[in-house]
Amino acid sequence: MKGLSRKQNDILGFVEDFIRTISPYKMKVGAEVASGGKSNGGSLLLEGKALEARQLIEGIDQIKREAADWYNLGLAYEGSAINVEDYEDARRFYIRALEQDSSSRLFAQGVARTERYLSEARILREQTKRP
């Protein structure tokens, strides 16, 4: 920038890069919606209505939820995530789905996807800690 020293420009560039690194942003993730379940949450997810899908699925008693409901609830949380806690919830729901159907590759992929994000978030948190 004009009027700034080279050192000031370097610092400004570093700060801008840092902000881009830690600021939340949306990114498209290729994830399949589970079919079946007690809810019709999958169709809402396909329409891009993650928050509505969350409300619909959460309205079903936990004992009555099927594996597809748990997975789609995880996908709804992941799709509308605004913080690390949302990804932790999504992971927990994917695990519940996998517990009900341990043969599902789709459910395992949900767990792996959120674990990867959470691992990256932990690394970033450690890298940005002040000594």
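**Rings, charges and core**

Tutor: Start at Y77: the charged end of R54 sits over its ring, 3.6 Å from the centre. (A charge sits over a ring if NZ of Lys or CZ of Arg is within 6 Å of the ring centre and within 35 degrees of the ring normal.) This is a predicted model: local features need pLDDT of at least 70, side-chain atom pairs count only at pLDDT 80 or more, and totals for chains, interfaces and linings use all residues. Residues are numbered from 1 along each chain as its sequence is written, and side-chain values use heavy atoms, with hydrogens and water left out.

With W70 and F93 it forms one aromatic cluster. W70 also meets a charge: the charged end of R65 sits over its ring, 4.6 Å from the centre.

The structure holds five aromatic pairs. (Rings of Phe, Tyr and Trp, the last by its six-membered ring, pair if their centres lie within 6.5 Å; planes under 30 degrees apart count as stacked, over 60 as edge-to-face, the rest as tilted.) Y87 and Y117 make a stacked pair, 3.7 Å centre to centre, with 25° between the planes. Y87 lies in helix α5 (residues 84–100) and Y117 in helix α6 (residues 105–127), so the pair ties together parts 30 residues apart in sequence. (Helices, H or I of at least four residues, and strands, E of at least two, are DSSP runs numbered from the N terminus.) Y87 is buried, at 17% relative accessible area; Y117 is partly exposed, at 31%. (Buried means under 20%, exposed over 50%, partly exposed in between, with a 1.4 Å probe and protein chains only.)

R113 and E78 meet in a salt bridge, 2.8 Å from N to O. (That is a side-chain nitrogen of Lys or Arg within 4 Å of a carboxyl oxygen of Asp or Glu.) R113 lies in α6 and E78 in α4, so this pair ties together parts 35 residues apart in sequence. Both R113 and E78 are buried.
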